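Hi there,

Here is the structure I promised to pass on.

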Amino acid sequence: MMWSAIKAFIIKELKLTFRSKASIFWIITWPAIWLLMTAYVFVPPAAGQPMTLKVGVVNYDVGSTSPFNGTTLIQILNESEYKGAKLFQVKVYENETLMLEDIRRGRLDGGFTIPKRFGENIIFGQARLKVYVGARSLQSAQIAESILRGFIQGLNNGISMRKVNETLRYIEIYSEKYMPKNLTIPVAGNRSWIEFMRDWMIGLASPINASFKDVKPKALTERSSILGWMTFGAIGMSLLYSGLIIGSTMAVREKEAGTLRRILASPATSTDMLVGKTLSGLITLGIMSAIIVILGVYPCGAKIIWSPMNPAHWLAIILLILVSIMVIGIGMILSLIAGTTESASNLSVVLGLMLAFIAGIWFPKSWLPTWMRFLADIFPATWAIDGMRSALVYGATAAELMPTFLKVLAATTISYLIGVFAYKKTLRKYVIA
Amino acid sequence: MLKVKYGVARSPSTEMSVDVCLTVRDVSKRFGDRAAVDGVSFKVHRGEIYGLLGPNGAGKTTLLSMIAGILEPDSGEISIDGLNALDPKTRGRVGYCPQEPIVYDDLTGLENMMFYAGLHGLSGGHVKQRCRKLLDQMGLGEYASRKVKTYSGGMKKRLSFAITLIGDPELLLLDEPTTGMDPRIRRSVWESILRIKEEGKTIILATHYMEEADELSDRVAIMDLGKIVAEGSPEDLKNRYGPKAVIDVELSKPATDPEAVIEEVKRYASEGRVMYRNDELRVHVDDPDVVAPKIVSELVGMGIGLKTLKITTPTLEDVFLRLTGRRLIEG
């Protein structure tokens with residue numbers, strides 16, 4: 001191999017690539033648009049934060065002297081919080097018609113109508129409460145309903161416990177007067193009469209005391225981690241179509257420029273051209289990936305961890321190089337069926353974008369239908385991108401990455417070797433033509 | 001017609017012992033059932049311009065591709081200074097300029113030169129100087145930093161020549177260097193080719209323009225259907241295969257029945273050779289002073305007006321017609 005020839009190809013290709021407006025669009029602008037859309041439309045800055053519902057309240061239980069009344073409920077709504085965020089933003093209406101009008105127009109997520117004698121009925125029996133579920137957006141309808149149902153459930157439990165405690169206070173007073181001392185209940189494990197009554201009443205009010213603990217993966221809950229995941233999705237998507245274009249147009253671009261025969265007539269060999277173009281492609285894809293990472297981290301707020309002392313992080317970089325070579329190799333195979341630069345580029349963009357969407361690169365596999373999940377499971381580029389994510393977003397170790405690395409290495413070797421065969425065959429075809 | 005169509009008629013002078021740069025021996029190349037080059041042999045002397053004259057499809061580009069080492073012959077040998085043309089090291093001795101432009105429009109002239117310099121294994125600080133010198137020689141020095149897309153067709157061709165010279169080759173292969181150019185630019189390209197020859201380079205010039213082969217070549221090989229049908233200096237070929245004279249008649253308007261015109265005029269032509277294209281007749285004759293008035297009379301008798309009539313000497317086109325029975329550029 002002739003190094004001066006390889007270097008000449010690298011310099012020439014980089015100059016032509018970065019002087020072409022079309023290349024700049026696909027390498028920088030398009031992934032930037034996707035990433036910014038993801039960060040500010042699909043995963044907006046509020047994503048991952050508890051949702052605050054806009055609710056309306058019509059309170060007919062005014063002027064009540066009861067210790068619990070409509071005003072108390074409005075106060076509870078205003079003060080309810082979840083993970084430090086207000087659960088409701090309350091707007092009080094004079095009548096139900098006005099509130100329903102706003103719910104129907106999508107201005108509110110829901111509404112409450114508090115009837116007369118609401119507080120009094122809660123204390124001495126069962127109170128009625130009308131709850132309206134609205135929807136400010138398609139996504140929020142289901143969430144609004146579950147939050148409102150959850151709130152009413154919680155309110156019911158709270159009030160029940162207050163009523164139980166109040167009732168127990170009276171039971172204790174009257175039991176001391178009228179019940180024998182040291183009375184135990186054998187079927188309830190010989191508990192004292194008072195203990196038995198307390199547990200029984202609490203069980204009536206709230207039979208199951210469930211405890212909830214947040215153990216969801218941070219990647220799915222924190223916006224920065226979601227964006228970290230998506231940043232590698234943008235890298236994977238851009239790598240796919242750009243790498244395919246680089247590979248599929250490697251020979252045909254020279255043929256169309258009229259330079260192929262002159263290149264082949266020089267002391268440089270077709271292998272020099274292949275190596276030079278592959279290396280320039282890797283540099284281009286590397287620059288593209290770096291730009292996407294910078295865009296992901298700085299304007300968008302993606303969480304990507306990097307430590308030069310962590311071998312897993314270097315293994316992730318090697319995975320990036322391998323997947324780039326693999327995709328360039330697949331592109332060279334495409335050159336067998338694409339006879340012009342235009343058809344090769346179009347085929348590469350369509351195939352690249354399609355694979356990015358259906359092979360679990362842009363969307364998480366869990367969002368995909370079963371058959372697509374199968375495709376994602378067997379597509380080597382998805383292995384590599386997921387490997388990079390696991391190291392640089394979720395903190396996987398080098399040992400954890402090693403099986404992925406070996407699988408990607410094997411797939412890259414096979415893809416590139418078949419690509420080289422296709423490249424040589426394409427060159428022969430072009431020289432004879 | 002001479003019985004030389006399927007053999008090579010050589011000028012005796014070509015057999016003289018001289019410094020041979022290129023030897024092509026019995027080379028053939030087939031694409032499927034078609035023989036693109038069929039048993040071709042010739043030698044090119046150092047410092048000469050050797051023309052390959054033939055119509056499109058004669059096999060000139062395939063032959064040049066094999067000399068350039070791009071294509072492998074099915075049989076035969078090609079050696080440049082005694083070395084096999086297919087060896088990548090030998091390719092450094094050859095400067096190949098294909099018919100199509102070999103430059104990248106989005107690179108500057110100098111960047112194009114630097115790229116090809118790299119392909120020829122040239123590196124280091126002196127390369128840029130050499131590139132600039134070659135651009136100066138081709139009159140492109142002041143345009144070196146401009147992108148090639150701003151160049152004219154003639155400038156691009158001169159840049160291609162400069163690129164062809166980048167590796168300081170012994171042998172230059174120029175494939176149809178002026179195809180599609182207007183006469184003024186063609187003339188400037190010819191001047192560039194002659195300047196390159198003055199530097200002592202050996203040039204093989206493949207062309208289908210007989211004026212180009214006539215004007216530039218020291219020796220010409222006439223190719224047709226993959227074979228060399230005659231070889232010699234242009235004058236020698238014209239003397240050996242051309243008619244004594246040629247009468248060119250420009251008609252006042254195109255003939256309504258060209259076949260009838262050809263049939264009538266054929267009676268006065270040498271070996272019956274008459275060409276008709278558009279509103280022009282070209283007649284090979286042995287005795288122009290006697291025949292010219294008869295042709296005029298015949299045409300007037302057919303009701304065909306004449307615009308001009310010229311008695312000229314034969315060209316390589318006439319040689320080609322005599323050897324193959326066809327014109328170089330049909331149409």
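Of the 331 residues in chain B, 46% count as buried. Please keep in mind that this is a predicted model.

Starting with the overall build of chain B: its secondary structure comprises eleven helices and 15 strands.

On dimensions, the C-alpha atoms of chain B occupy a box of roughly 75 × 45 × 35 Å along the principal axes. As for how the chain connects with itself, take the contacts in chain B between residues at least 6 apart in sequence: 70% of them join residues at least 24 apart.

I also looked at one residue in chain A, Phe112(A), which sits in strand 5 (residues 110-114). Is Phe112(A) buried or exposed? Phe112(A) is buried, because 24 other C-beta atoms lie within 10 Å and the cut-off for a buried residue is 20 or more. Beyond its neighbours within four places in sequence, Phe112(A) makes contact with Val55(A), Val57(A), Leu129(A), Lys130(A) and Val131(A). Leu148(A), which is 36 residues from Phe112(A) in sequence, lies 9.8 Å from it in space, C-alpha to C-alpha.

Happy to talk any of this through.

Best wishes

Methods
Residues numbered from 1 in each chain as written. Chains lettered and ligands numbered in written order. Predicted model: local features only at pLDDT ≥ 70, side-chain atom pairs only at ≥ 80, totals over all residues. Helix = DSSP H or I, 4+ residues; strand = E, 2+ residues; numbered from the N terminus. Buried ≥ 20, exposed ≤ 12 C-beta atoms within 10 Å, placed from the backbone. Contact = placed C-beta atoms within 7 Å.
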